[in-house]
Amino acid sequence: MPARSASDSTDSGRKKKHKKDKKPQKPADKDKKDKTRKAKKEDSPERGSAKRKKKIEDEEDEVPDRMKPSGLLDEDEDPMPPPKGPPIQQDSLRPGPSRSRDEPRAGFDDRFGGGDEAKGKGKGKGKDKGKGPEGEEQEPKEEPNFEASGLLAMEDNAKNGIPLKFTVPAEARRPDMKWRLYVFAKQNEEPKIIQIHREVGYLFGKDRRVVDVPTDHPTCSKQHAVLHHRQTANMEVKPYILDLESVNGTFLNGKRIEAARYYELKEKDVLKFGMSSREFVLLHGGS
């Protein structure tokens with residue numbers, strides 16, 4: 001038997017090793033390797049981020065039933081009615097050549113501007129001011145009046161919410177002399193004494209809500225007359241009577257005095273109001 005050389009032994013060793021390497025794999029080992037490879041792919045960061053992104057998109061697409069549109073508004077809404085009038089020509093929508101702002105436009109001035117008749121409108125110096133469409137003159141408007149109306153003064157010059165027919169004069173003062181009115185209603189009856197020196201003025205009438213001296217007679221006015229103590233030029237304070245435009249008048253010593261005018265009163269003067277028989281005699285403490 002011939003002896004083997006070293007090269008032959010080497011080749012035979014390589015063939016045995018190659019056979020060992022090409023040993024067929026078992027099916028169980030192959031499935032195990034496939035699962036391991038698939039798990040590695042799923043565990044990769046790119047694969048995981050894509051999976052999470054897809055899961056978020058799926059959750060966003062899932063809308064709960066209570067947030068879904070009911071469709072009631074779509075059923076109630078009426079369809080848009082078709083436009084009325086002639087159809088718009090396509091040629092009119094095309095942009096035309098640019099024109100100046102002051103350049104007249106054909107057709108527009110005749111429809112809305114009045115044509116040549118409107119060109120002269122607005123000229124002139126107001127000769128036809130205040131005239132109507134047919135040339136008739138209109139009544140001039142009332143100009144604003146900024147003068148005092150007297151309403152505020154009337155509110156201030158009131159008593160118990162009732163406006164008074166007079167205003168207290170600036171020269172009204174309390175008298176130093178103790179003036180009195182002796183009221184004689186009937187004969188053989190003691191007179192009633194009214195002290196009239198404590199205030200600057202006294203109102204006579206039948207409206208007991210505002211008067212100071214009630215007259216209580218049907219012919220007397222509600223605010224019949226007023227007595228004021230006024231300071232004169234020589235610094236003396238004297239009594240004055242003023243009739244407040246009463247219907248039946250005020251009588252001084254039997255004579256009717258003029259309305260809305262002050263009359264000076266003196267000692268022992270007699271006042272009567274209307275048709276009343278009651279007499280008011282003026283006296284003072286030294287009489």
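A residue counts as buried when its relative accessible area is under 20%. In this predicted model, S276 has a relative accessibility of 9%, so S276 counts as buried. The residue lies in the loop between β12 (270-273) and β13 (279-284).

Leaving aside neighbours within four places in sequence, S276 is in contact with H217 and T219. The side chain of S276 also reaches the backbone nitrogen of R278, at 3.2 Å. N248 is 28 residues away from S276 in sequence, and the C-alpha atoms of the two are 9.9 Å apart.

β12 and β13 run antiparallel and are joined by two bridges. Within this pairing, V270 stands opposite V281 of β13. The hairpin has five residues between its strands, and G274 takes a positive phi near 65 degrees.

β13 also pairs with β3, in the antiparallel sense and over six bridges. Here the bridge partner of L181 is L282 in β13. Five of the six residues of β13 are buried, so this strand is largely enclosed by the rest of the structure.

## The five-stranded sheet

An open sheet of five strands has the order β6-β5-β7-β8-β11, and its pairing is mixed. β6 (213-214) and β11 (262-264) stand at the edges; each has a single partner strand, so one side of each is left without a neighbour in the sheet.

Inside this order, β5 (residues 201-205) pairs with β7 (residues 225-231) in the antiparallel sense over four bridges. L203 has V226 of β7 as its bridge partner.

In soluble globular proteins, nonpolar side chains tend to be buried together. The largest nonpolar core in this model has 19 residues, and those with the most contacts inside it are I196, F204, I241 and F280. The elements giving two or more residues to this core are β3 (179-184), β5, β7, β12 and β13. β3 gives the most, with three residues.

What is F280 in contact with, leaving aside its neighbours within four places in sequence? The contacts of F280 are L181, Y182, V183, F204, V213, D269, V270, L271 and F273. A second, separate core has nine residues, including I162, L164, V210 and L242.

Definitions and conventions. Residues are numbered from 1 along each chain as its sequence is written. This is a predicted model: local features need pLDDT of at least 70, side-chain atom pairs count only at pLDDT 80 or more; totals for chains, interfaces and linings use all residues. Side-chain values use heavy atoms; hydrogens and water are left out. Buried means under 20% relative accessible area, exposed over 50%, partly exposed in between (1.4 Å probe, protein chains only). Contact means heavy atoms within 4.5 Å. A polar contact is a pair of N or O atoms within 3.5 Å; within protein, one must be able to donate a hydrogen and the other to accept it, and residues adjacent in sequence count only if both atoms are side-chain atoms. Two strands pair if DSSP finds at least two bridges between them. A nonpolar core is a set of buried Ala, Val, Leu, Ile, Met, Phe, Trp, Tyr and Cys residues joined through side-chain atoms within 4.5 Å.
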